[in-house]
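Hello,

I am passing a structure on to you, and below it you will find my notes on what turned up. Please keep the two side by side as you read.

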Amino acid sequence: MAWLAAGEGYEISLDDGRVVARRTGGRQLKSLPKALRDHPEADRLRRLSEWLDRHVASCVAQVDAWMVSSLPVPTGLIARVWPDEAWQSALRDMAVVGDDPDEVGFLRDATPDGELKVVDLDGETVRLSARTVTLPHPVLLPDLEDVRDFAAELGITQRVEQIHRATWAKPVTGRPGTAPGTTATGTVAASTTEVRDYAGGKFASRFGLAARATGLGYRVSGGYATCKVRDGGRGTEASVWIGEPYWDGESETGALSWHDEDGRAVRLSEVGPVAWSEGMRMAAALYAGRTIEEGGDK
């Protein structure tokens with residue numbers, strides 16, 4: 001950023017989110033002089049820094065939402081926001097697909113005329129001129145392990161967790177009467193509506209379990225931790241029981257289930273692959289914070 005005049009003989013600026021100062025035209029000082037700490041320009045820069053932090057978080061959250069829901073994103077929109085460093089940081093190196101869902105590339109640049117430059121899985125830089133692209137959820141990527149290996153060769157790192165996101169493949173649907181949830185044979189009952197793989201994780205308090213959920217980015221509503229996903233054009237909400245609100249005793253994770261946009265329970269056989277993976281990811285992440293008794297793993 002440029003240096004701004006602040007008081008007699010001083011200039012201030014932002015450096016990595018921190019207000020810094022220098023003598024006019026001189027070198028940056030090691031600390032902010034006391035006379036400048038309450039200066040109106042210093043306060044303005046602090047508020048700007050806070051806004052920039054919120055903007056960065058907002059861009060990451062939006063790109064994550066596009067990816068989790070595999071929503072089509074106009075290439076023209078990506079090109080318009082690309083010059084913004086916060087957007088560019090969130091979007092760079094995301095795996096994208098255009099008209100051919102089998103042709104995956106890593107986003108490297110966007111041109112002013114709306115084309116995207118991507119590195120394909122052959123290591124070639126190509127242009128995508130499709131009207132829209134998707135940032136696919138990794139469970140939908142063909143040959144995901146090959147994509148991960150190629151990304152490692154390129155040294156790709158992503159601001160939004162995509163290709164290295166933990167995924168759960170939905171088991172095949174079993175016959176009615178199969179035990180609820182994932183069974184030892186890798187099937188789920190067609191008629192059941194819940195999975196208990198990550199139920200029974202004990203926490204010292206319901207407050208601690210709820211805090212873990214919100215800290216992981218999930219919403220807490222009533223007695224549930226929830227996450228919403230659009231899967232195949234349909235809205236689905238995964239939810240894990242975490243205990244009655246205001247309960248101050250010990251609590252534990254309950255069953256994982258899914259509901260449609262009208263609040264109706266969705267049978268496991270009808271849960272889409274992305275909704276399944278994201279629901280299981282949430283349940284596993286909550287369960288991982290459980291209290292482990294000495295000498296045990298429960």
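Predicted model: local features only at pLDDT ≥ 70, side-chain atom pairs only at ≥ 80, totals over all residues.

Two strands count as paired if DSSP finds at least two bridges between them.

Let's begin with a pair of strands. Strand β16 (residues 234-241) and strand β18 (residues 256-260) run antiparallel and are joined by five bridges. Within this pair, E237 stands opposite H259 in β18. Both strands belong to an open sheet of five strands, with the order β12-β18-β16-β15-β14 and antiparallel pairing. At the edges stand β12 (194-195) and β14, each with a single partner strand, so one side of each has no neighbour in the sheet. Helix α7 packs on this sheet and touches β12, β15, β16 and β18. The direction of α7 makes about 155° with that of β15.

There is also a hairpin to look at. Strand β2 (residues 10-15) pairs with strand β3 (residues 18-23) in the antiparallel sense, over six bridges. D15 stands opposite R18 in β3. Two residues lie between the strands of this hairpin, and D16 takes a positive phi near 55°.

Next, helix α6. Which residues of helix α6 (residues 206-215) are buried? They are R206, L209, A210 and A213. Seen down the axis of α6, these buried residues fall within an arc of 95°, so they line one face of the helix. F207 and G215, on the other side of α6, are exposed. The cover over the buried residues of α6 includes β13 (202-203), β14 (219-221), β15 (224-231), β17 (251-252) and α7 (273-287). After α6 comes G217, whose phi is positive, near 95°.

Finally, the nonpolar cores. The largest nonpolar core has 26 residues, and V63, I78, W87, L91, L107, L116 and L135 touch the most other members. Two or more residues come from each of α2 (40-69), α3 (75-81), α4 (85-91), β6 (104-110) and β7 (116-120). The most come from α2, which gives five residues to this core. What does V63 touch, not counting residues up to four places away in sequence? Its contacts are W87, A90, L91, M94, L135 and V160. A second, separate core has 22 residues, including A213, A225, W276 and A283.

Enjoy looking around!

Best wishes

Methods: Residues numbered from 1 in each chain as written. Heavy atoms only, no water. Buried < 20%, exposed > 50% of the residue type's maximum accessible area, 1.4 Å probe, protein only. Helix = DSSP H or I, 4+ residues; strand = E, 2+ residues; numbered from the N terminus. Arc of directions from axis to C-beta. Contact = heavy atoms within 4.5 Å. Core = buried A, V, L, I, M, F, W, Y, C linked by side-chain atoms within 4.5 Å. Axes fitted to C-alpha atoms, helices over the stretch in contact; angles between N-to-C directions.
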